[in-house]
Amino acid sequence: MKKQRKSRGLGMTFIIVCLVLSGCGAGTQEVALGSAEEYVQAAKTALVGQDSFTANFDATIAMNNAGRGSMTTKGTVTFVKEPLYMKVDTDMGFDNGSQRYILYLQKGEAEKNKDGVNQYMNYDGQWTEMTLQKTDAMNSVQIYNAAENMETLLAAAENCTMQENGGKAVISADIPAEKLYDVEAAGDVPVTFVLDKKTGAPISYEIDLAQALEKVTNNVLSELSSDNESSGITVQTYRISSELTQLGNVKAGEIPDEVKSSAINYEREISMLESDE
């Protein structure tokens, strides 16, 4: 994972903020599975080529960074690959309140951006609109691409062990941190996958990134420090979990007309200002 996998594997869009991700399966058949490795392979196979999903997303981060406390993100994701449609609806909780965040992505409309993606985002009650190239648009929401992220984690998992719990196969594994971050010697990242006991279909996962994030962040702070002295941070919690509620056969929704009509397009506003000069 040295190229896009570094930025896309877990979608670490910001190195100190929050974030990812997921699993549940549909349309799989009962098969004879025994070892943890066989279950991991069955889950990867179920995810290959899937072009749509819905998922629940849950992330918690807490660190002693300049007096900042904890932050939680809970929400839902709907994704359809072709034609592109994505909706992310989350509540972000802070020590002193909460904020709802809604985002839509949709294949560009012919009269606007037929070769790109229209993005509508609501933060703090205001809708905004942007036009992006598809690659940039998908990179910006990679942390919410649950099926692809889970496939990446399954492929990177090592030292897998399994136990049965309520008709589910619970797989515990480690992932070398250098497979997720552009850093060496940051230790292993523990991850737990929950899979269907009969079919191996992916249901959910949880990954604990606290130790790895602390190591990576303090390395960066140390490199940026002009006097080679940095107090660093302590990451008490950085946990991401997600559950795939449907895998495949998801229908795209519609972006409400009121969203499109009320959205501020800053690109257009700037262009108009420049043309008036």
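At what relative accessibility does K74 stand, and does K74 count as buried or partly exposed?

Modeller: K74 counts as partly exposed, at 46% relative accessibility. The classes are buried (under 20% relative accessible area), exposed (over 50%) and partly exposed in between, with a 1.4 Å probe and protein chains only. First, the ground rules. Residues are numbered from 1 along each chain as its sequence is written, and side-chain values use heavy atoms, leaving out hydrogens and water. The model is predicted: local features need pLDDT of at least 70 and side-chain atom pairs pLDDT 80 or more, while totals for chains, interfaces and linings use all residues.

Now the partner. The side chain of K74 meets that of D58 in a salt bridge, 2.7 Å from N to O. This pair links distant parts of the chain: K74 sits in strand β2 (residues 70–80) and D58 in strand β1 (residues 52–63), 16 residues apart. Helices (H or I, at least four residues) and strands (E, at least two) are DSSP runs, numbered from the N terminus. D58 is partly exposed too, at 22% relative accessibility.

The structure holds five salt bridges; the term means a side-chain nitrogen of Lys or Arg within 4 Å of a carboxyl oxygen of Asp or Glu. Another of them joins the side chains of K134 and E82, at 3.0 Å from N to O. K134 lies in helix α4 and E82 in the loop between β2 and β3 (85–94), so this bridge ties together parts 52 residues apart in sequence. K134 is partly exposed, with a relative accessible area of 34%. E82 is exposed, at 54%.

A further bridge pairs K179 with E158, with closest N and O atoms 3.2 Å apart. Here K179 belongs to the loop between β8 and β9 and E158 to strand β7, 21 residues apart. Both ends are partly exposed: K179 has a relative accessible area of 26%, and E158 stands at 33%.

Helix α4 spans residues 134–140 and contains M138. M138 is buried, at a relative accessible area of 15%. Leaving aside residues up to four places away in sequence, M138 touches F79, L84, L105 and N145; contact means heavy atoms within 4.5 Å. L105 is 33 residues from M138 in sequence, yet their C-alpha atoms are 8.9 Å apart.

L105 also touches Q119. Q119 lies in strand β5 (residues 117–123) and is buried at 8% relative accessibility.

Helix α2 (residues 36–47) has 12 residues. In α2, A36, Y39, V40, A42, A43, A46 and L47 are buried. Seen down the axis, these buried residues fall within an arc of 160°, so they line one face of α2. The arc is taken over the directions from the helix axis to the C-beta atoms. An α-helix has 3.6 residues a turn, so residues three or four places apart point the same way. The cover over the buried residues of α2 includes α5 (146–156), β7 (158–165), β8 (168–176), β9 (188–196), β10 (202–208) and β11 (235–247). G49 follows α2, with a positive phi near 80°.

Notes
Expected span 1.5 Å × (residues − 1).
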